[in-house]
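The text below goes through them in turn.

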Amino acid sequence: MNAVAKAKLLPFELEVVSGPHLGQRFSFVDTSSVTIGRGTENQISLQHDPRVSRVHAEIKQENEVFYIFNRTDKNSMLVNGLKETQFKITQSCVITIGETEFKFIYPQAAPKTFKNPLQPLSSNPVPVGLVQHQGQAQTPGPVLKHQVPMTPHQGPMIANSMAKSGPAQQPKRRRPAPKKEGGFNPMILVGLVGIVIVAFFILPSKPEENVAPERGPDIVTPVFQDERRYQESLEQAKQALLKLENQNSRQAMAQQFFISGMREFLNGNYHRAVSLLNSAYQSDPTLVDAEKFAREAQRKLDRLIDFYFAEGIKYRENNNYRMCKSSFQTVQLYIRNNAKHPKFVEAKQFFDECTNLDRVRRF
């Protein structure tokens, strides 16, 4: 047996509550160290978040206490909205890395179960002094467990004493009322009336003479008398059916566009999401959610463009031309070479300038 016992490792989970990887959940058991970054070698890989470094942060567990460390100098790490390089994780911590927000789920102690030492009583207890035989009902009066045999001369004495005390109380029975002789029974009258009514409704009545039989209503069958009207009605029915089929197909296509657009929105591909959601709303104007999420995706795309544009200006002022070139290249990627965009010309000029300066510095 080793002198130093192995430290107990608690299980924990990380749930993504915001960002391109929204909805993902990572669980760890018997793990003392977890790295987070954009590279695939990390335990938590954030490949769709462009603001995350290759190895961005690390979570360590020591003596059942969790700590998080920032492993890069290029990008920052926020804990509860504040910039931190290392922090002791608690239950209410919200960790922000790039555009991804994590919720740390701290392990909860399992509730202790207590066993009740008291045993339940029997459901049908037998009172003291009563004897209950198997297969017989319990007697209402007290019965001695051991009966004492009586002598021959004690029998008449007990019988006399019971006679003096009076007979046992028994329920009184009603005597049937004596039948009156020579009276009229009303049930006979009721039976006669019933026979007369049945005979009146069942026996067939004679048909009246010289009475014309009633004529039933005429049955009118709706038919097209004119061939032209029939052709017009048939053509109208075909057009209505074709219109219904086109409407159903457009609605199905709009639903498909909406589902694809929401998938791109959750993955952070806002430019693709804007195109798909706008197509869904144009195909079916009843999809109000498609228009709402299209506006939200366009707003997030504009925020990303402004962010990388400002980052590129900052890197250019600090003479970091390699990062400046990368930032403006990302801006052009989000703009998708749209010449009508207000920042297209500036982004292209700054990209060319930073590219030339970086090339000159290398030589």
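**A hairpin and its neighbours**

Strands β10 and β11 form a hairpin with 2 residues between them, and Gly98 in the turn has a positive phi of about 65 degrees. Helices (H or I, at least four residues) and strands (E, at least two) are DSSP runs, numbered from the N terminus. The model is predicted: local features need pLDDT of at least 70 and side-chain atom pairs count only at pLDDT 80 or more, while totals for chains, interfaces and linings use all residues. Residues are numbered from 1 along each chain as its sequence is written, and side-chain values use heavy atoms, with hydrogens and water left out.

Strand β10 (residues 94–97) pairs with β11 in the antiparallel sense over 4 bridges; two strands pair if DSSP finds at least two bridges between them. Here Val94 stands opposite Lys103 in β11. Strand β1 (residues 12–18) also pairs with β11, in the antiparallel sense and over 5 bridges, with Leu14 opposite Phe104.

In a regular strand the side chains alternate between the two faces of the sheet. Buried means under 20% relative accessible area, exposed over 50%, and partly exposed in between (1.4 Å probe, protein chains only).

**The disulfide**

Cys324 is joined to Cys354 by a disulfide, S to S 2.0 Å (a pair of cysteine sulfur atoms within 2.5 Å). Cys324 lies in helix α6 (residues 321–335) and Cys354 in helix α7 (residues 344–362), so the pair ties together parts that are 30 residues apart in sequence. The disulfide is right-handed because the torsion about its S-S bond is about 50 degrees. Cys324 counts as buried at 0% relative accessibility, and Cys354 is buried with a relative accessible area of 0%.
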